[in-house]
2 protein chains.
Amino acid sequence: MDNGGFCNNNYHSGSSDDELVDISDVTVNFSEDVPPLDLDYSAGGCKADWRPSNSPKLIDLLDDTVPGIGTYEDFNTIDWVREKSKDRDRHREITNKSKHSTVALLFSISDAFSGWLLMLLIGLMSGALAGGIDIAAHWMTDLKEGVCLNGFWFNHEHCCWASNETTFQERDKCPQWKTWAELMVGVSEGSVNVLNHFMYVSWALLFAFLAVILVRAFAPYACGSGIPEIKTILSGFIIRGYLGKWTLIIKTITLVLAVSSGLSLGKEGPLVHVACCCANILCHFFTKYRRNEAKRREVLSAASAVGVSVAFGAPIGGVLFSLEEVSYYFPLKTLWRSFFAALVAAFTLRSINPFGNSRLVLFYVEFHTPWHLLELIPFVLLGIFGGLWGAFFIHANIAWCRLRKNTRLGHYPVIEVLVVTLLTALLAFPIEYTRMSSSELISELFNDCGLLDSSKLCGYTSNSGSTSGSVNATAANGLGARLAGPGLYTAMWQLALALVFKMLITVATFGIKVTDLDVFLKAKQNIRAVLRIKPQNDKHFFFFLISTLGGVTRMTVSLVVIMFELTGGLEYIVPLMAATMTSKWVADALSRESIYEAHIRLNGYPFLEAKEEFRHKTLATDVMRPRQSDPPLSVLTQSGMSVEEVERLIADTTYSGFPVVISQQSQRLVGFVLRRDLVISLENARRHQEGVVSVSAVLFTECDPPASPSAPPAVKLHNILDLSPFTVTVHTPMEIVVDIFRKLGLRQCLVIQNGRLLGIITKKDILKHMAQMANRDPESILFN
Amino acid sequence: MDNGGFCNNNYHSGSSDDELVDISDVTVNFSEDVPPLDLDYSAGGCKADWRPSNSPKLIDLLDDTVPGIGTYEDFNTIDWVREKSKDRDRHREITNKSKHSTVALLFSISDAFSGWLLMLLIGLMSGALAGGIDIAAHWMTDLKEGVCLNGFWFNHEHCCWASNETTFQERDKCPQWKTWAELMVGVSEGSVNVLNHFMYVSWALLFAFLAVILVRAFAPYACGSGIPEIKTILSGFIIRGYLGKWTLIIKTITLVLAVSSGLSLGKEGPLVHVACCCANILCHFFTKYRRNEAKRREVLSAASAVGVSVAFGAPIGGVLFSLEEVSYYFPLKTLWRSFFAALVAAFTLRSINPFGNSRLVLFYVEFHTPWHLLELIPFVLLGIFGGLWGAFFIHANIAWCRLRKNTRLGHYPVIEVLVVTLLTALLAFPIEYTRMSSSELISELFNDCGLLDSSKLCGYTSNSGSTSGSVNATAANGLGARLAGPGLYTAMWQLALALVFKMLITVATFGIKVTDLDVFLKAKQNIRAVLRIKPQNDKHFFFFLISTLGGVTRMTVSLVVIMFELTGGLEYIVPLMAATMTSKWVADALSRESIYEAHIRLNGYPFLEAKEEFRHKTLATDVMRPRQSDPPLSVLTQSGMSVEEVERLIADTTYSGFPVVISQQSQRLVGFVLRRDLVISLENARRHQEGVVSVSAVLFTECDPPASPSAPPAVKLHNILDLSPFTVTVHTPMEIVVDIFRKLGLRQCLVIQNGRLLGIITKKDILKHMAQMANRDPESILFN
């Protein structure tokens, strides 16, 4: 009551500033006020509204009296500051309550630990899923070639493990395992190879068809690598359903199908998507994360670390990947949580042990020979070639995607997938090393050559040390000291062919409309493919492939750490660093964007790149809306507008928020209100508040202005008003504005000069301006 | 001229808003204006000043017409936004010029590459210095025990290498190497040990005395670990001379002396300081970095990565250390540069090869046995103990430092150092493993035990595999299968004693007033000390020490990576992660601060911690100055003040900056001017501008107000005015304000409500407020 009295008193008194300039006979009308610049700060309303005597909520969204307030629409950008404020308010409320009762205290403690618990669950779930995917893909890949008579659920390896008739010489041949030709025609050698080939292609087509149909029917978001979209989501964009349960289910199934179909794609990028889906779904069980978009993104950052951790078996590499490549906002707290989640996931995967070698790392390879200083030159050269190839790959892939997008080609995704699969399968079968699945290929290549080994790669002749040239070259290595036999040379050119083939087909595959196609595997598989063949050449192949991956993704530190964890090549840190750094420089010199950023731009997502600085000399005034020729900014006044007027303004415009000013004349900023909140509140008032009609006043002030008793009750919207909108001046250079948007994660910012509201800058305006400055089409930015 | 004309016209016309409210007979006096809220945005001056037609400079500091403008005073905080703006302006200027001439183009290219060149130089210089320090410290440590007759500059090892009379059994004994007792008395055995002990202690005292005298006489900043101060400097604080050439020279010399004197300190933390000094000195050769405090801090971030890279031989660990522990502002660009610099430094160190093993990593140790799942339990337990010990260590160390600071103890630093050295040397000599320098100790422990080895640690009895209990325990390891002889047990308890002794003495040593004392070595040395002794126990010792280090420094990811690079223990990533994470949790539960942060707080540096969120429910209005009871804010008006008035305001106040408003009555914000810039400009005007007297007007507007012809010429200060000061509203929650300060690196922020300036919040205000909220003494924040 005291408050109200003070408000009313204050309201009727002329302000001291007005007195100073001696305004006589001016009726201070609330709806058209002259800014009362009195010294007690009260500007157009009651004083008590900004110095909380009984600590009212700043943003009253927490109460959720009206459902929907404080949420976002699909394909919109979130406001990080608002979300984080919400979280802190929530935290404070819990802390305050916890002082009063034991139950609340327990709740407060469980709330504090819920973040770590969530990380634990994400790690467990992602690790388990990754293990399951590995096992299923292995089985289905073998299904393309034959079936186990002991039980169709055994894969080739398990089938023959159980058999007594397996010999050491031919350990992958046993009577229980029948190729399709053997099963149907009954003959195992000769011309039936055509039948095997046919069955191989058919299975591949079936898997690919199933995958593409599933994706199209149930979860269109399950297509693609997922990393560009996840990057965009992490930067604060809403794509509903992109990380939902249907996407998770379909992505998991189609990942298995697509890998089994033999397409040149890997499960690494998609595993990041799967891990993020897990995280998003698990978030729903924790109020703290369900309701808060910013907190949820912190969890998703950690989940992307988990994805890489289970894909490569490289937990630290995963954390760095999330930091360097994917995440937008990555505070130290998230670093620690990512670290923990990646650890749990790696541990879970190791417990499931899909590769049967009881190691975290799939294949532990070591380069033990110290390198010579002069070797740096070839390593750096390989880095240059890798960078060039990476830049070319991005360019070719984007051109292909643009072609698909702009021509009729894109209308037939199912056919496109089937054609690519057909080509891949037809061409892959004849060469032994492309026919194999990645895991088979790896086992083939990485098992140490025993004396009784049947693999062609072990076809070394055993007269060790007879020819001096060969011995010199490979003296350090016991295996290399044996001469290469003819079988090995066949294997070598087949592998080289496989490499070229994989590279070309990957360009066409990445970004195709099936599911989870990724550059990672290409490099990973090939690294492994060539790693152990010839002791002297493997290093150089390895470096070339690392450099290519560096050129494509522009990762540096994370790539080195991943490779480090994959291969244990501690000795080679310095050359590896040199190669990746060179590759990044070369690729950056050709084009600034990594494959992910190129795809983000292709899709027109509102992604404010944090890596590059804004270098142009423009001011906030050049970017803000309205332009000089446009009609003035649509604003609401803090009082004096009727429900009908507000509704008309909402209907006439499409802006996602409106500044609230004291009066149309003064344009003195009071706050900012979001369109969605406004619409919901007005609807709610019309429906639930008694006596609200079209002529009811809409008030954004905390205390009522005096109204005639006969007037209908006013709609009070003070609680949806953001009283601390971000402002810059017209003089603020755009580089600073861009910096503020990036670092604080703003959605919009108001432009004032000397306390007078002049315009507004949204994230989309900034992106359009940046596109314009870079001579690109500003209309390519599609979303808010 | 057009401009000026427009200004004057506009100036005399009444604004449209005034007309609306029908003000009659009001003389619009410039110095007491009513805010003219006309629709063409002009508020109190000329319109053209904010829409640049001929693109004037926004912040004209670049011109440096007046030397000193745009610089900072000692012990002050920098403004990151201003510094970055300056850099971007500079960059744009160079880019623009490069379009006109080839020379400018070449200059522009060299400017673009100067960052990478600087990184190269820092890497080379730090690597070379680190190599030199290693070699010198090794020699001087040996000098404490004896001297080489072939040449006093040989260390023990080199002396005996050259000798022909060295046998395998006693490879560290040769006639050329004489202990002091042998040299002086001529006897080598028996009671002369006392003489050796005396010489050992004397040398140690001499080295320590030299070190402390050098530090006190030439470079007081060379004392201590350096990391707390570097952390503060990186957060945007100025400590002149802290990274200067004298500090570098003295720190390098005293580092060698202090390590040689046998004090329980390491060269790791100090090497970070040395690398930062190198970086700071090298910055002086590049205009881009010499003139810009923000750019220089980016370089220093990279340099701290270099320091760790050369200290541990762990380049990736160094980058992560810089990211996780030291740096404040660490964009991806800095990540890549740190990566490059760390690589160069590691490469240089490897080329110098101070350890003679042609490896980057000092001691390459591998745990090859896979770990069992159950082993996680002891690892986590060790993590808990490590965390507890770490928290205790911090507490004890801070208590000791506080005691030293507050009592008479701190008045005698030289005596303190000598006492600690005396104690260390007296106690260390009798135990073989504490007497040795770290490098000797390591060679002793890490060399694989040959059959002819003289070391006690190799005293295994050779009846391998006779007793079954021992065989079970150590079956996996060939060395362990031999039974431990009695010599080994002696070695074991001596080492355990050494461990306890080192731990206690380190508490007293860290932060002592000599030079470069660090926690790192304590753990590092001991890790190495215990790593190879008993195959089964070394792991647990190792984990305990890692955990302690984690508890003391609160590092997680970087610690794991450093250990990973040091030991090659790829297999043990998961347990290592689990142990460090547990240790961090436990230590955090006891106290939130790492040793570095505790020391920062002890010293009262203005460091805004980025790790913890501000959780209190206060508003900007609760923190801003002036308080309600205080006199109003000291402001300048954009015109209407005389030189004398401004000078009086400067003399009467101590604020480091003043807001500029349109008029005292309206308090409508125009911009912000820094005290230092103002003082320099006024002095400059008085000295160089003709006709400036005390009654001359001071103008912050771009165009002149009409003045009587007889008036003295005005001092125009528009160019030092920051037209885009950061503002928040009174309603802005402090959590958001803190966030803005942290993320944008602000120095101050103005508080407005409805366009009216109400107050100012500085970084110091925020720190004081935070201290108050945490029930600490707000006066402990000493600097601006």
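These legends go with several close-up views of a predicted model.

In this model, local features need pLDDT of at least 70 and side-chain atom pairs count only at pLDDT 80 or more, while totals for chains, interfaces and linings use all residues. Residues are numbered from 1 along each chain as its sequence is written, chains are lettered from A and ligands numbered from 1 in the order in which they are written, and side-chain values use heavy atoms, with hydrogens and water left out.

**View 1. Getting to know chain A.**
Chain A has 30 helices and 13 strands. Here helices (H or I, at least four residues) and strands (E, at least two) are DSSP runs, numbered from the N terminus. Of the 784 residues in chain A, 60% are buried. Buried means under 20% relative accessible area, exposed means over 50%, and partly exposed is in between, using a 1.4 Å probe and protein chains only. Now take the contacts (heavy atoms within 4.5 Å) between residues at least 6 apart in sequence: in chain A, 72% of them join residues at least 24 apart.

**View 2. Helices H9 and H10 of chain A.**
Two packed helices are described by the angle between their axes and the distance between the axes. The axes of H9(A) (residues 245-260) and H10(A) (residues 268-283) come within 9 Å and cross at roughly 150°. Axes are lines fitted to C-alpha atoms, for helices over the stretch in contact, and angles run from 0 to 180 degrees between N-to-C directions. H9(A) and H10(A) are therefore roughly antiparallel to each other. For the wording, angles under 35 degrees count as roughly parallel, over 145 as roughly antiparallel, 65 to 115 as roughly perpendicular and the rest as oblique. The crossing of H9(A) and H10(A) is left-handed; that is the name when the near helix is turned anticlockwise from the far one by less than a right angle, and right-handed is the name if clockwise. Residues of H9(A) that meet H10(A) include A:Leu248 and A:Leu255, and among their partners in H10(A) are A:Val274 and A:Ile281. Sorted by class, this contact of H9(A) with H10(A) has 8 nonpolar, 3 polar and 2 charged residues. The classes go like this: Ala, Val, Leu, Ile, Met, Phe, Trp, Tyr, Cys and Pro count as nonpolar, Asp, Glu, Lys and Arg as charged, and the others, Gly among them, as polar.

**View 3. Helices H12 and H14 of chain A.**
H12(A) (residues 293-312) and H14(A) have axes that come within 8 Å and cross at roughly 40°. H12(A) and H14(A) are therefore oblique to each other, and their crossing is right-handed. Look for A:Ala302, A:Ala305 and A:Val306 among the H12(A) residues in this meeting, with A:Ala341, A:Ala342 and A:Ala345 among those from H14(A). The contact of H12(A) with H14(A) has 9 nonpolar, 4 polar and 4 charged residues.

**View 4. Inside the largest nonpolar core.**
A nonpolar core is a set of buried Ala, Val, Leu, Ile, Met, Phe, Trp, Tyr and Cys residues joined through side-chain atoms within 4.5 Å. The largest one has 290 residues, and A:Ile316, A:Ile761, A:Ile766, B:Ile316 and B:Ile761 touch the most other members. Helix H14 of chain A (residues 332-352) gives the most to this core, with 12 residues. Leaving aside neighbours within four places in sequence, A:Ile766 is in contact with A:Leu608, A:Val623, A:Met734, A:Val737, A:Val738, A:Phe741 and A:Ile761.

Most residues other than glycine have a negative phi, and most peptide bonds are trans. But the peptide bond from A:Arg625 to A:Pro626 is cis, with omega near -5°, and A:Pro626 sits in the loop between helix H26 (620-623) and strand E5 (636-637) of chain A. Over in chain B, the bond from B:Arg625 to B:Pro626 is cis too, with omega near -5°. A:Asn775 isn't a glycine, yet has a positive phi of about 60°; look for A:Asn775 in the segment after helix H30 (763-773) of chain A. A:Asn775 is exposed, with a relative accessible area of 72%.

**View 5. Helix H25 of chain B.**
Helix H25(B) (residues 595-603) is mostly covered, with 7 of its 9 residues buried. Among the buried ones are B:Tyr596, B:His599 and B:Leu602. Just after H25(B), B:Gly604 takes a positive phi of about 70°.
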